[in-house]
Amino acid sequence: MNYFADAVAWLFDPTNYVGSNAIGNRVLEHLGFTLLTLVFASVIAIPLGFFIGHTGRGRGLAVGTAGAFRSIPTLGLLTLVALSVGIGLTAPYAALTVLAIPPILAGAYTGFEAIDRATIDAARAVGMSAGQIVRKVELPLSLPLLMGGLRSATLQIVATATLAAYVADIGLGRFLFTGLKNLDYAQMLGGSILVILLALLLEGIFTVLQKLVVPRGVAAGRPTDIWAGFTKLAR
Amino acid sequence: MIEFHSVTKRFPDGTLAVEDFSLVLPSRKTTVFVGTSGSGKTTLLRMINRMVDPTSGSIDIDGADIGTLAPVKLRRGIGYVMQNSGLLPHRRVIDNVATVPMLQGTPKKKAREDALQLLDTVGLDRSLANRYPSQLSGGQQQRVGVARGLAVNPNILLMDEPFGAVDPIVRAELQQELLRLQRELGKTVVFVTHDIDEAFLLGDQVVILRTGGLIAQVGSPAEILANPADDFVAAFVGADRGKRVLHLESHSDGDVLVDADGRLAGVLAGGTSPSAAAGAQTATEETAAPEVKAGPFAESGAPAQGGDPR
Ligand SMILES: Nc1ncnc2c1ncn2[C@@H]1O[C@H](COP(=O)(O)OP(=O)(O)O)[C@@H](O)[C@H]1O
Ligand SMILES: [Mg+2]
């Protein structure tokens, strides 16, 4: 309990809230890093997932690639990229984007896949154009699973973003690495607590978001596990 | 009027679903395609709104070759009702019905008012308008499906086994509704079913199909029943098994019509027989009904085996 008390004391020490290494500053950096990575990964994974879901093409490739991406050790990738592009922000953004792509891709893709083909067929038969089917049928119906993918990606990024501090001066990871170097366990534990709190906060936000995007009328009996459909296909 | 001119459909995998099909479907009448599963009924139906394009041949609607029309626009002018309603699960009943008119630019308010009227037309209570499809029974969903099909006031209504997934009582109800609707609205209905009784009940023109979309016989229900073209048709309509050959049987409870297997087929219009009312006769005594062909048991005079229904 001693370490914990020290960590709490560290968290409430006003001197830790000033300067470039201020806690508030680091929290914002961490959050910004997380969200930007999420945007990068989404820009790649969502259109790709929708394309696969809508056309049914490239499914095997996507499942395989996503599976491979999932098994890449992030720290290894981070080190590798940092060795080639140097110290700085590029390496952590690249490494974590790679980490975040599989769940978002899976969410976007399984979201489409989970829609009853008969619903889409009927929409076409009554005279919806391809664009209208995507916008008015496929998007709203796939949103809950996509949101699940974003949630899962966000939680992975926010936790793993601590590693960004390994090669760049950014985020809550600074406290962990500085604390480790100086054997300052209060700072290390304090930093960890902040990461956990941030993760819980984002989790809470996504819980609400996910509820909001489930179309009423389909709320009951919908699959929410984005990997369920994905791993089934991979087998 | 819908005309098929030597229409053939071969799917990319090589399946020949429809071969050299030619037929005229008269306006304001109900044409029923009936056949076993895989006989090409759905393919024929879906070629009318270009959900499927023929490999060769052409289809005309009122003299215009639909191959030259834009599919989306064509479909918006044709009502389509399918087996499991195909409603959008994330839209309320009323919005499902209003979907296509709104796509065509009808203002939301007007489209919804019209949708409410359509619920009346198909015999649905307006209180269901704000429900989601998952909150309706199967029969109610099909009614919504019909309302949606009618929403653009199309001349043509395509129905693909629309009552196939509901229980027999609801099905009978929906069939009667459709007959009523058809009397009131006079659409050109194209109806697909595998149920010959449904085909005879609803169809002005019945098309019996063999595998490959080959026409086994076309005609009114009466023509087909009276003169099955061949053994295949006879078997399909049940004439060979004596299913269509009925005779009258008197029970103490009243008169019933029984088929050649002794299965209960129905009752004659006009109520109970005097003999039953008097209660003086034996429990089962048979008289051959004059207007139906006599079954084997009618001549023998012996009590029908299994004369007791089920
Ligand atoms: N999209 C398709 N691709 C390949 N074959 C198909 C397709 N749709 C239907 N078929 C085949 O065409 C034949 C007729 O099918 P269908 O028109 O659905 O019959 P029905 O509605 O009478 O059951 C069947 O053998 C079916 O397997
Ligand atoms: Mg069919």
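**Entry 1. Conventions.** I take helices (H or I, at least four residues) and strands (E, at least two) as DSSP runs, numbered from the N terminus. I note that this is a predicted model, in which local features need pLDDT of at least 70 and side-chain atom pairs count only at pLDDT 80 or more, while totals for chains, interfaces and linings use all residues. Residues are numbered from 1 along each chain as its sequence is written, chains are lettered from A and ligands numbered from 1 in the order in which they are written, and side-chain values use heavy atoms, without hydrogens and water.

**Entry 2. Loop residues with positive phi.** I looked up B:Asn153, which lies in the loop between α5 (138-150) and β7 (156-160) of chain B. Its phi is near 50°, a positive value in a residue other than glycine. B:Asn153 has a relative accessible area of 58% and is therefore exposed; I use buried for under 20% relative accessible area, exposed for over 50% and partly exposed for values in between (1.4 Å probe, protein chains only).

I then turned to B:Arg28, in the loop between β2 and β3 (30-34) of chain B. B:Arg28 is not a glycine, yet it has a positive phi of about 60°. I record B:Arg28 as exposed because its relative accessibility is 57%.

**Entry 3. Partners of β1(B).** I count two strands as paired if DSSP finds at least two bridges between them. Strand β1 (residues 2-10) of chain B runs antiparallel to strand β2 (residues 16-25) of chain B, and 6 bridges join them. In this pairing, B:Val7 is opposite B:Phe21 in β2(B). The hairpin of β1(B) and β2(B) has 5 residues between the strands, and B:Gly14 there takes a positive phi near 100°.

I also found β1(B) paired with strand β4 (residues 56-61) of chain B, in the antiparallel sense, over 5 bridges. Here B:Thr8 stands opposite B:Ser56 in β4(B).

**Entry 4. The open sheet.** I traced an open sheet of 6 strands in chain B, with mixed pairing and the order β6-β7-β8-β3-β9-β10. Its edge strands are β6 (78-81) and β10 (214-219) of chain B, each of which pairs on one side only. Neighbouring strands of this sheet are turned against each other by 15° on average, direction ignored; the axes are lines fitted to C-alpha atoms, for helices over the stretch in contact, and angles run from 0 to 180 degrees between N-to-C directions.

Within this order I examined β3(B) and strand β8 (residues 188-193) of chain B, which pair in the parallel sense over 5 bridges. B:Thr30 stands opposite B:Val189 in β8(B).
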